[in-house]
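Dear colleague,

Please find the structure below, together with its sequence.

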Amino acid sequence: MENSQWTQRYGPTALVTGASSGIGEQFARLLAQRGFDLVLTARREPLLLAIKEELEREFGISVTCIVCDLCDPDQVGHLTQEVLRLDIGLVISNAGYGVAKGAYLDIPPDALEAMYRANSLAPARIARALLPVMVAQRRGGFIFTGSIEGDAVFPWSTAYAASKAFLHSLVQGLWYEVRDSGVDVLLLAPGATDTEAPLKQGISRDQLVGIMSPAVVAEQALAHLGVAPHFTPGLSNRLFIGLLRLLPRKWSIALSGYGMQRAIGKSRSA
Ligand SMILES: NC(=O)c1ccc[n+]([C@@H]2O[C@H](COP(=O)([O-])OP(=O)(O)OC[C@H]3O[C@@H](n4cnc5c(N)ncnc54)[C@H](OP(=O)(O)O)[C@@H]3O)[C@@H](O)[C@H]2O)c1
C-alpha cells in the first residue's frame, strides 16, 4: 500500500500502546511516516514527549500523549474513554512486559496479577471498547503484539507465556468474528527482538536466537495487516514454533523448558 492509502484505509488517527520504547516506538515512527496523527501511550512520560516532539517536527503530524499504567484498571478505563472521543481508525495494542524468567512459584502473586492485567485484560478491554466503533463504521485495523511464547508452552516463563496465550486466542477469534466487517485484525507474535524487554526479564542479549530489530518487526507486521490473522516475524522463529507444535506434547514442553532454563542459567552466570 502507498503511504496515502494507509490513512484512507485506517486513518486519520492511530493509537499505539507501549509507544515509549522498542517495537511500539517503531510502530509510531512508521505510522508517522504514513501520515497518521498519533495517540501514544505508556507510563514514561518524558520518553513519550521526546518522541512526540521529534515526530511532529519531522512529519508535520499531530501527536497526543496519554500517560497510562495498563496494570491499573481505572487508568485503562480513563484511556478508553479518552480515545473513544477521537477518530481512531488503527490501534496498535503493543504494550506488555514479562516478570523475571524463572520458577512460577517464586513470583509474588501481586506481580503475576499485575502482568496479567497489562498483557491480557487491558488489550481485551481496549478491543471491546474500540472494535464496535470500527465495525459500525465498517473500517479500521487492530494489531495486537503477542509473542512466540503465546503459541506454545514455555516452562520458566510460564506466566508470561500464559498471558500471551490468552491474547492469541482472543485476537484470532476476533479476527474471524469481524472478518466481513471491514475491520482488519492481526496477532503479531514476535520472537527475540532487540529491545529493553529481554534484559528486564533476566535474559542477556547473547542468549537470544535469531534476534530481530524492532523496526523490522513493526514494518513486517504492518505488511501483514489485512492479509492473515497471525504473523510471526523471522524464519527461525516460525520453524521453532512449527517444531514445538509437531512434537509430541511432553517432548515439546521439555524442549522449550530446557532452552529457557539454559538461557536463564547462562544469563545469570555471564
Ligand atoms: N523484545 C522481545 O524479545 C519480545 C518478544 C516477543 C514479544 N514482545 C512483546 O512486544 C511488546 C513490546 O515490547 P518491547 O520488546 O518493545 O519492549 P519494551 O521496549 O520494554 O517496550 C514495552 C512497552 O510497553 C510499555 N509498558 C510496559 N508495561 C506497561 C504498563 N504497565 N502500562 C503501560 N505501558 C506499559 C512500555 O512503556 P513504559 O515502560 O513507559 O510504561 C514500553 O513502551 C510487548 O508486548 C512484549 O511482550 C517482545
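Helix H2 (22-33) and helix H7 (197-200) each supply at least two residues of the shell around the ligand; helices (H or I, at least four residues) and strands (E, at least two) are DSSP runs, numbered from the N terminus. This is a predicted model, in which local features need pLDDT of at least 70 and side-chain atom pairs count only at pLDDT 80 or more, while totals for chains, interfaces and linings use all residues. Residues are numbered from 1 along each chain as its sequence is written.

The ligand is surrounded by 29 residues, of which the closest are Gly-18, Gly-22, Arg-43, Arg-44 and Gly-96; a residue is near a molecule or strand if its C-beta atom, placed from the backbone, lies within 6 Å of it. H2 gives the largest share of this shell, three residues. By class, the shell has 14 nonpolar, eleven polar and four charged residues (Ala, Val, Leu, Ile, Met, Phe, Trp, Tyr, Cys and Pro count as nonpolar, Asp, Glu, Lys and Arg as charged, and the others, Gly among them, as polar).

H2 also meets helix H8 (residues 214-224): their axes come within 8 Å and cross at roughly 55 degrees. Axes are lines fitted to C-alpha atoms, for helices over the stretch in contact, and angles run from 0 to 180 degrees between N-to-C directions. The two helices, H2 and H8, are therefore oblique to each other (angles under 35 degrees count as roughly parallel, over 145 as roughly antiparallel, 65 to 115 as roughly perpendicular and the rest as oblique). On the H2 side, the contact includes Gly-22, Ile-23 and Phe-27, and on the H8 side it includes Pro-214, Val-217 and Leu-222; two residues are in contact if their C-beta atoms, placed from the backbone, lie within 7 Å. This contact of H2 with H8 has eight nonpolar, two polar and one charged residues.

Seven strands form an open sheet with parallel pairing, in the order E3-E2-E1-E4-E5-E6-E7; two strands pair if DSSP finds at least two bridges between them. Strand E3 (63-67) and strand E7 (230-231) stand at the edges with a single partner strand each, so one side of each has no neighbour in the sheet. H8 packs on this sheet, touching E5, strand E6 (183-188) and E7.

Finally, a cis peptide bond joins Gly-11 and Pro-12, with omega about 5 degrees. Pro-12 lies in the loop between helix H1 (3-10) and strand E1 (13-17).

Yours sincerely
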